[in-house]
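Look at the fold as a whole before turning to its parts. The paragraphs below go from the overall layout to one helix, then to the core and to a single residue.

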Amino acid sequence: MATTTLKVEGMSCQHCVNSVEGVLKEIGAEGKVDLKNGSVEVSYNEGSTTIEKIKAAIEDQGYDVKS
């Protein structure tokens, strides 16, 4: 299980948290959003998904992933 922290711009409320964490579950990852720091700690199985897919899924929700 790999873990990484991504900076995500545009998150400001509980709906944002639910949106990001929900889409990560859909692709087989787990995320914990930190609104204060504008980040998401993501845990994922490298055999099931990639960091590129994770970033794309978050960006598809309307947020900007920085790293």
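How many helices and how many strands are there in the protein? There are two helices and four strands, where helices (H or I, at least four residues) and strands (E, at least two) are DSSP runs numbered from the N terminus. Starting at the N terminus, the elements follow the order β-α-β-β-α-β.

This is a predicted model, in which local features need pLDDT of at least 70 and side-chain atom pairs count only at pLDDT 80 or more, while totals for chains, interfaces and linings use all residues. Residues are numbered from 1 along each chain as its sequence is written, and side-chain values use heavy atoms, with hydrogens and water left out.

Along the principal axes, the C-alpha atoms fill a box of roughly 30 × 20 × 15 Å. Of the 67 residues, 37% count as buried, meaning under 20% relative accessible area, whereas exposed means over 50% and partly exposed lies in between (1.4 Å probe, protein chains only).

Helix H1 covers residues 14-26. Its buried residues are Cys16, Val17, Ser19, Val20, Val23 and Leu24. They lie on the same side of H1 because they cover an arc of only 165° around the axis, the arc being that of the directions from the helix axis to the C-beta atoms. Strand E2 (29-34), E3 and helix H2 (51-60) are among the elements that cover these buried residues. The face turned away from the buried side carries the exposed residues Gln14, His15, Lys25 and Glu26. After H1 comes Gly28, with a positive phi near 85°.

In soluble globular proteins, nonpolar side chains tend to be buried together. The largest nonpolar core here has 18 residues; such a core is a set of buried Ala, Val, Leu, Ile, Met, Phe, Trp, Tyr and Cys residues joined through side-chain atoms within 4.5 Å. Strand E1 (2-9), H1, E2, E3 and H2 each supply at least two of its residues, and the largest share, four residues, comes from H1. Ile54 and Ile58 touch the most other members. Leaving aside neighbours within four places in sequence, Ile58 is in contact (heavy atoms within 4.5 Å) with Leu6, Val8, Val20, Leu24, Tyr63 and Val65.

Finally, Ser43 is found in strand E3 (residues 39-44). Not counting residues up to four places away in sequence, Ser43 touches Met1, Ala2, Thr3, Ala29 and Glu30.

Note on methods
Expected span 1.5 Å × (residues − 1).
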